Amino acid sequence: MEIQKISTDEVKQAAHYIQQGELVAFPTETVYGLGASALNPQAVKKVYQVKGRPSDNPLIVHVTSFEQVKEYIQESHPLAEVLVQTFWPGPLTIILPIKPNTFDTVVTGGLATVAFRMPDQALTLELIRQAGVPLVGPSANLSGHPSPTTAEHVIHDFEHSIKGVLDGGPTKIGVESTVLDLSDPNKPPMILRPGAVTKEMLEQACHTPVAVDSHLLRADEAPKAPGMKYKHYAPVVPVQMVHEQEWEQVASYLAHHPIRAGILAGPTAAEVVRGEAAAVYMYADDSVQAATQGLFSGLRALDETKAGLDCLYVATYPEDGLGVAYMNRLKKAANQMYFTNNETEV
Ligand code: TXA
Ligand code: MG
């Protein structure tokens, strides 16, 4: 089976495949998702199989409204309504307790809760409507690869194993949605995975403090979202993180060492080292938005550079606002490694 690139006017065809229990990847504003009917356990099993995803890692169910969510939940959270009104459609996933016998355990990973999200992508909302069922949609990458931000990334990972990919062009945000635990109506919301809907934005909408999973603050704590415990987004080539003021040092380090270096940074930083680098992938501009949009795409491109690189040097950004989500993904890709020039000068 060869994967089929499905154009924007063929949504009906994609919906038909979903109804038949096939897998079709779809674009969202964050990353591409690997879609299957959330009500078809066989199809959902295939999602785990082709991704190589551990079965204890539950999936996000993609919907077209909060009304649709209400069909499946046992109990809402007092803040769910205002959050959904403020951020849906958009990069916010909410976890709520579900009614028994709604979703198969293959969807829930055996938990009593399910994660729901309404993506901000007209094509995909139309796909869900036409399919007539909510869609599971983990990021459409092989487990351990960076999440896909273009249809080409999806084709690279699943060329022979899924039916099609609905091509919506490059995704706007570039990292996965914020995952927010609302499963206990008596507890404040808790961020399990940072995304483009930030803690500050959530607090402003809720008028109440929002908690953060302690795993996100201290690496030695066990994460509450099962998926956050797995090694993620690590390119084959080792990655080192570089602070804004260190690019001169990287350039001089590379000038004195036979290292084939890949650079992933905004234009200003890239300019400083480009003369010493074997490959450069530049973010569209110096903003954290551009960096977040380009991170996974850049990691993929550099990791596959034909020249073969020894190391990737990637720009850090301040850990506030969207920078929290960017650094969360980058630290995983870099295995927490920072550039250090600890050689004695000669
Ligand atoms: O932006 C996104 O969220 C993308 C697009 C395609 O929508 N999807 C995505 O799905 O990133 P995935 O499967 O790669 O990540 C879902 C995360 C995992 O870390 C998973 O463990 C967590 O959400 N999760 C899902 N259901 C959960 C639940 N009931 N309780 C706790 N964590 C849950
Ligand atoms: Mg993923």
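User: A crossing is left-handed if the near helix is turned anticlockwise from the far one by less than a right angle, and right-handed if clockwise. Which hand has the crossing in which α4 passes α8?

Analyst: This is a predicted model, where local features need pLDDT of at least 70, side-chain atom pairs count only at pLDDT 80 or more, and totals for chains, interfaces and linings use all residues. Residues are numbered from 1 along each chain as its sequence is written, chains are lettered from A and ligands numbered from 1 in the order written, and side-chain values use heavy atoms, without hydrogens and water. The crossing of α4 past α8 is right-handed.

User: How many nonpolar residues are in the contact of α4 with α8?

Analyst: On the α4 side, V82, L83, T86 and F87 meet M201, L202, A205 and C206 of α8 (heavy atoms within 4.5 Å). Ala, Val, Leu, Ile, Met, Phe, Trp, Tyr, Cys and Pro count as nonpolar, Asp, Glu, Lys and Arg as charged, and the others, Gly among them, as polar. The contact holds no charged residues, one polar residue and, as nonpolar, seven.

User: How many charged residues does the contact of α1 with α6 have?

Analyst: The axes of α1 (residues 11-19) and α6 (residues 122-131) come within 8 Å and cross at roughly 50°. V11, K12, A14, A15, I18 and Q19 in α1 meet L123, E126, L127, Q130 and A131 in α6. This contact has seven nonpolar and two polar residues, and its charged residues number two.

User: What is the largest C-alpha distance in the "binding site" annotation?

Analyst: An unreviewed UniProt entry places the "binding site" at T30, H62, R117 and S177. These residues are spread over 148 residues of sequence but cluster in space, the largest C-alpha distance being 12.9 Å.

User: Which strand holds H62?

Analyst: H62 is one of the residues under the UniProt "binding site" annotation. The strand that holds H62 covers residues 60-62 and is β4.

Definitions and conventions
Helices (H or I, at least four residues) and strands (E, at least two) are DSSP runs, numbered from the N terminus. UniProt positions are given in the numbering used here, feature names are shortened, and annotations may be inferred rather than shown by experiment. Axes are lines fitted to C-alpha atoms, for helices over the stretch in contact, and angles run from 0 to 180 degrees between N-to-C directions.
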